[in-house]
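Hi,

Here is the structure I said I would pass on. Have a look at it first, and then read on for what turned up in it.

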Amino acid sequence: MTIKAFIKKLEKIAKEHGASAKVVMADGILIVGPVYLENFLNKKVVVITDQK
């Protein structure tokens, strides 16, 4: 999924349910922030993490 598609999905959720919902990973851990990695398994990706 691209960043643009991901943001569109988040915007739809925010519009339908409000923008104050917490974002968590599937195991219930709160997300700290996204990190851009140049070489993650030989790809340029954004990783959503629970650590700084």
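Let's start with contacts, meaning heavy atoms within 4.5 Å. Of the contacts in the chain with a separation of 6 or more, 8% come from residues 24 or more positions apart.

Before the rest, some ground rules. This is a predicted model, in which local features need pLDDT of at least 70 and side-chain atom pairs count only at pLDDT 80 or more, while totals for chains, interfaces and linings use all residues. Numbering runs from 1 along each chain as its sequence is written, and side-chain values use heavy atoms, with hydrogens and water left out.

**Overall layout**

You'll find one helix and two strands in the chain (DSSP runs numbered from the N terminus: H or I of at least four residues for helices, E of at least two for strands). In sequence order that reads α-β-β. The radius of gyration, taken over C-alpha atoms, is 13 Å, well over the 10 Å that the globule rule gives for 52 residues, so the chain is more spread out than a compact globule. That rule is 2.2 Å times the number of residues to the power 0.38. Along the principal axes, the C-alpha atoms fill a box of roughly 35 × 25 × 15 Å.

As for burial, 4% of the 52 residues count as buried (under 20% relative accessible area; exposed is over 50% and partly exposed in between, with a 1.4 Å probe and protein chains only).

**The largest pocket**

A pocket here is an open set of points on a 1 Å grid over the protein atoms alone, where a 1.4 Å probe fits, with protein on both sides within 12 Å along at least five of seven lines; lining residues have an atom within 4 Å of a point. The largest one has a volume of about 180 Å³, counted as the space filled by probe spheres set on the points, which are joined across faces, edges and corners. Its lining is made up of Met-1, Thr-2, Ile-3, Phe-6, Ile-7, Pro-34, Val-46 and Ile-48. Helix H1 (3-17) and strand E2 (43-49) each give two or more of these, and H1 gives the most, with three.

Phe-6 sits in helix H1 and is partly exposed because its relative accessibility is 35%. Beyond its neighbours within four places in sequence, Phe-6 touches Met-1 and Ile-48.

**One salt bridge**

The structure has one salt bridge (a side-chain nitrogen of Lys or Arg within 4 Å of a carboxyl oxygen of Asp or Glu). Lys-44 pairs with Glu-38, with the closest N and O atoms 3.8 Å apart, and both residues are exposed.

Cheers
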